[in-house]
Amino acid sequence: MTASVDPTLDRLFRQEVWVLRKLFAFLRSVPEDVLAMTAPNTGWDVSVLLTHIVSASVTYAARIDGRPDADLQPPDTHADLAAMEVEAIAAAERLRELAAEGSDAEVVEVDGERTWRYPRSLILAQSIYHAIEHRAQLFGVLTANGVAGLTLDDLDHWTYGGDEGVLSS
């Protein structure tokens with residue numbers, strides 16, 4: 001990493017890796033049938049929400065660096081979760097590396113007859129927002145089904161800062 005890395009952006013991507021590790025560890029600690037749970041008005045079960053979060057991170061990185069997307073399938077088992085965690089961590093670390101480059105070059109994406117142009121900072125910011133948005137949905141499903149043990153508050157910036165050792169009293 002270079003000296004020009006934005007410390008806030010770097011912290012957000014480091015925290016994303018930390019969050020993913022905690023989330024996957026938690027999901028491996030509960031019965032596998034939790035992956036099939038859904039809640040009213042969510043439309044997706046836990047496994048589909050998780051797959052969407054990870055697939056999107058891979059896609060956001062691919063939009064910037066041109067590497068291929070991953071074809072991820074919703075996990076049914078703890079072993080599937082472990083395999084998906086590898087993809088999730090790799091995508092988050094890849095996004096962190098791309099953010100560390102410090103470039104805000106224009107990204108051009110052709111989708112059929114449409115051409116999209118946007119700064120890479122938009123993709124990086126969206127990758128963090130998107131993951132948080134759908135984790136909130138995932139925790140809504142868990143809460144609606146009485147699955148306890150990990151909350152969004154357990155994954156916030158203060159908790160991460162404590163784990164990182166940067167908070168003191």
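Let's start with Lys22 and Asp163. They form a salt bridge, with the closest N and O atoms 3.9 Å apart. By salt bridge I mean a side-chain nitrogen of Lys or Arg within 4 Å of a carboxyl oxygen of Asp or Glu. Lys22 sits in helix H1 and Asp163 in helix H5, so the pair ties together parts 141 residues apart in sequence. Helices here are DSSP runs (H or I, at least four residues), numbered from the N terminus.

A word on the source. This is a predicted model: local features need pLDDT of at least 70, side-chain atom pairs count only at pLDDT 80 or more, and totals for chains, interfaces and linings use all residues. Residues are numbered from 1 along each chain as its sequence is written, and side-chain values use heavy atoms, leaving out hydrogens and water.

Next, Arg14. Which residues does it bridge to? One is Asp10, at 2.6 Å, N to O. Arg14 and Asp10 are 4 residues apart in helix H1 (residues 7-29), so about one helical turn separates them. Another is Glu164, with the closest N and O atoms 2.4 Å apart. That pair links distant parts of the chain: Glu164 is in helix H5 (residues 157-164), 150 residues from Arg14 in helix H1.

Buried or exposed? Asp10 is buried, at 10% relative accessible area. Arg14 is partly exposed at 23%, and Glu164 is partly exposed at 27%. The cut-offs: buried is under 20%, exposed over 50%, partly exposed in between (1.4 Å probe, protein chains only). Lys22, at 31%, also counts as partly exposed.

Now the wider picture. Shared partners join Asp10, Arg11, Arg14, Arg96 and Glu164 into one salt-bridge network. The whole structure has 13 salt bridges.

Methods: Helices (H or I, at least four residues) and strands (E, at least two) are DSSP runs, numbered from the N terminus.
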